[in-house]
Structures are given as C-alpha cells and as structure tokens.
Amino acid sequence: MVTDMSTSSHTPVLLEETVQALAVQPGGRYIDCTVGGGGHAAAILDRSSPGGQLLGIDADPEAIKVARTRLEAHSGSSLFVNENFLNLQASCIRYDFFPVHGILFDLGLSSLQLGSPARGFSFQHEGPLDMRLSPAQELTADEIVNTYSENELARLIGTYGEEGYSRQIARRIVQKRPLRTTLELARVVEQATGGRRGKIHPATRTFQALRIAVNQELEHLEAALEQATSLLGFQGRLVVISYHSLEDRIVKRFMLKEARDCICPPGTPSCVCGHTASLRLLTRKVIRPSPAEVGFNPRSRSARLRAAERLLSRDELDETIEKLCFSVAGSSTVWKRPALLKEVRRAFSAV
Ligand SMILES: C[S@@+](CC[C@H](N)C(=O)[O-])C[C@H]1O[C@@H](n2cnc3c(N)ncnc32)[C@H](O)[C@@H]1O
C-alpha cells in the first residue's frame, strides 16, 4: 500500500469540546486511540503540559508516521503505537501506561486517508478497492465485492450501510463484476439506485458498509470500549466522537449500560445480574458541531460526541479501600485496619 499522506492535512473535529470533555489537566495521562493526523493529540499534549503524557494509537502505519512527525516537539512526553485499538489493553500493559485520566476515540477515517486514492476509501477518486486501515489485514473490499454471493452482499450493504436499495445494488454488482476500482463500483451503485437524489452521493452508504466490513469496525469498537473503561482511573474520562448512527448506537448503549447498577431484564423481581455501574454519563444528549464549525469543516457535519466519567464499582471500591487501608496503615499498625476501613468507607459513601 503506497500512499502519501504527508502533504494533506486533517482538521480535528469538535476540538475544544473534546478537550473540555476529557477535562485535560497539567500532568495528566491520556490515550488517543485514533491519533490520525495528530490534531486532537496536539491539543491534549499542549493542555496537559507540564508533565502530561500521551499514548497515541492508530491501526494505520501512515497515520502513525504523520502524527509522530507532527508531534516531534512532544517526543519526550508521547509514544505512538501502530496498533488496532482492539488491542488497547495489551498495548497499555506492554507500555505500562495505565491507569489514565482520559481516553479518546475519534472514529472513522481522517481526511488524509479519504484524500489518498490508493487507499480506495473514496468514491470521488479512482483507486483500487482496498479500504484496509492497515496493509497487514488480509480482507479487502475487492474480495468482498468480487467473491461474496448476492445475498451476502445485500445483507452487508443493508446492515452496515443502512441502505434501502441494498438488494438492487447487490444484484447489479454481481451482474457487472469483476469490479476493480472505486469509480467502477460507484458507477454501478449509481445505476442500481437510479442516480443521485438529494445531497448525498448514492455510493456513500455502500462504501461505508464495505469499509465497516473490511475493518470489522463495529466489533472492534465494542471490544475497545470495554477495555478503555477498565484502563481509566477514578474520575477518568471516556470521550467518543462517532460519525454514523451504527457507531453512535454502540457508544450510547455501552455508556447507558455501564451507567446502571442493574441490567436485569425489566420485570425481574430482584436483581440477579450483579452488575454495578462503572461510568457516570456526562452527556445526556450528544454534542454536535456548531453551524460555524460545519461551515468551516463540512466533514464534521455528522459528528456526535459522547462522554462519561469513570466510577468505581462496588467490588472495585471495596478492593481499593482495602488497598488504601493497607498502604496507609502499613504492616506495623495492622491492628488499626478495621477502624480505618470503617472510616474510609464512610468517607467514600459520603461522596
Ligand atoms: C477521524 S481520524 C482521527 C483524526 C485525529 N483525531 C486528528 O485530530 O487528526 C480516525 C483515525 O482512526 C484510525 N482508526 C480507525 N479505526 C481504528 C482502529 N480500530 N484501531 C486503531 N485506529 C483506528 C484511522 O486509521 C484514522 O487515522
């Protein structure tokens, strides 16, 4: 995969809102799981200085190169890792980077990737049907388009693209294949849907569906949100910017579930799940870009930001209190522990 992403640039979306939601503070430790062109990361590093640290992750090796170069001035306080955020926890353990004050996911693609024809993400540039975030991945959009059955294609385009014309598009693709380039595919979709209606290009949803399938975006997001929560310290912030309703639904459901103490089905007489809340919601309603931002950066128009703050679950609270008491009491004064435990428990429950 030969690309040149160094000459273009990506404008970070909801930048001030993100820094606020992360509550970035000097000396804080942050993870940007989708470092991309390094725009959000730069702001986090600036605001967490002096003493702040950032772990920047991206599945795309080109993005890591761009971010590392852009943030060279912060090389003493940042570490960039070419990794899928599916492996977030393993990366943090490897680099001993936890617990943290904040974790950001700015999902989707950067302008650098969309503007790079060789990556095959855009129906506006001629390129191969690739769409992989990393060249290490095996499955490409070409393989899906040219080998999946009509039914499989229709299901994929309907589910991941929320496309009403999925059956017609799948039929047309199967009739016209092999299809090798982005523009060939875009033309076939246009023919299948009867051309452009409204502002959105008819191939938008099909391209979204293929990209999601190639990169297993939804599965990876679900797994990463769980991991991220466990890496946050008490009152650490989880901030997610999503760009389509499938992603946003996953984020919303995850945060709502993790903000509840019991997730038993409605009507269960007494709790049997034992689930305890690990997050407190900070955004009951999503934060969206202002009209001014959309005017200045049209790619921000579909962005939705959700944020939550880490709580300690009952089990973690007990564990923490015990650890705290041991460390405060020390081995020579172990006899003080029960009294101290009671005291700390009272202090915590008053919060
Ligand atoms: C919207 S861009 C981020 C832009 C960045 N916030 C900035 O200000 O420049 C999304 C980035 O997330 C990366 N990405 C998407 N899914 C990923 C995953 N599962 N693991 C790691 N990186 C991912 C993409 O490669 C892309 O560089």
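Modeller: Happy to! A nonpolar core here is a set of buried Ala, Val, Leu, Ile, Met, Phe, Trp, Tyr and Cys residues joined through C-beta atoms within 7 Å. Please keep in mind that this is a predicted model. The largest such core has 49 residues, and Cys33, Ile103 and Leu238 have the most contacts inside it. Let's stay with Cys33 for a moment: leaving aside neighbours within four places in sequence, Cys33 is in contact with Ile57, Phe85, Leu88, Ile103, Leu104, Phe105 and Ala224. There is also a second, separate core of 29 residues, with Leu109, Met131, Ala203 and Ile212 among them.

Now to the ligand. Its shell holds 22 residues, of which Pro12, Thr34, Gly36, Gly37 and Gly39 come nearest. Helix H2 (39–48) and strand E2 (53–58) are the elements that give two or more residues to this shell. By type, the shell has eight nonpolar, 11 polar and three charged residues.

H2 and E2 turn up again beside helix H3 (residues 61–70): the buried residues of H3 pack against H2, E2, strand E3 (78–82) and helix H5 (111–114). Those buried residues are Glu62, Ala63, Ile64, Val66 and Ala67.

Finally, a word on confidence. The mean pLDDT of the protein is 90, and 86% of its residues reach 70 or more. Over residues 1–7, though, pLDDT stays under 50, and the model has 13 contacts beyond four places in sequence for them. Residues 328–337 are also below 50, with six contacts beyond near neighbours in sequence. Where pLDDT is low, the predicted coordinates should not be read in detail.

Terms used:
Residues numbered from 1 in each chain as written. Predicted model: local features only at pLDDT ≥ 70, side-chain atom pairs only at ≥ 80, totals over all residues. Near = placed C-beta within 6 Å. Helix = DSSP H or I, 4+ residues; strand = E, 2+ residues; numbered from the N terminus. Nonpolar A, V, L, I, M, F, W, Y, C, P; charged D, E, K, R; others polar. Buried ≥ 20, exposed ≤ 12 C-beta atoms within 10 Å, placed from the backbone. Contact = placed C-beta atoms within 7 Å. pLDDT = per-residue confidence, 0-100.
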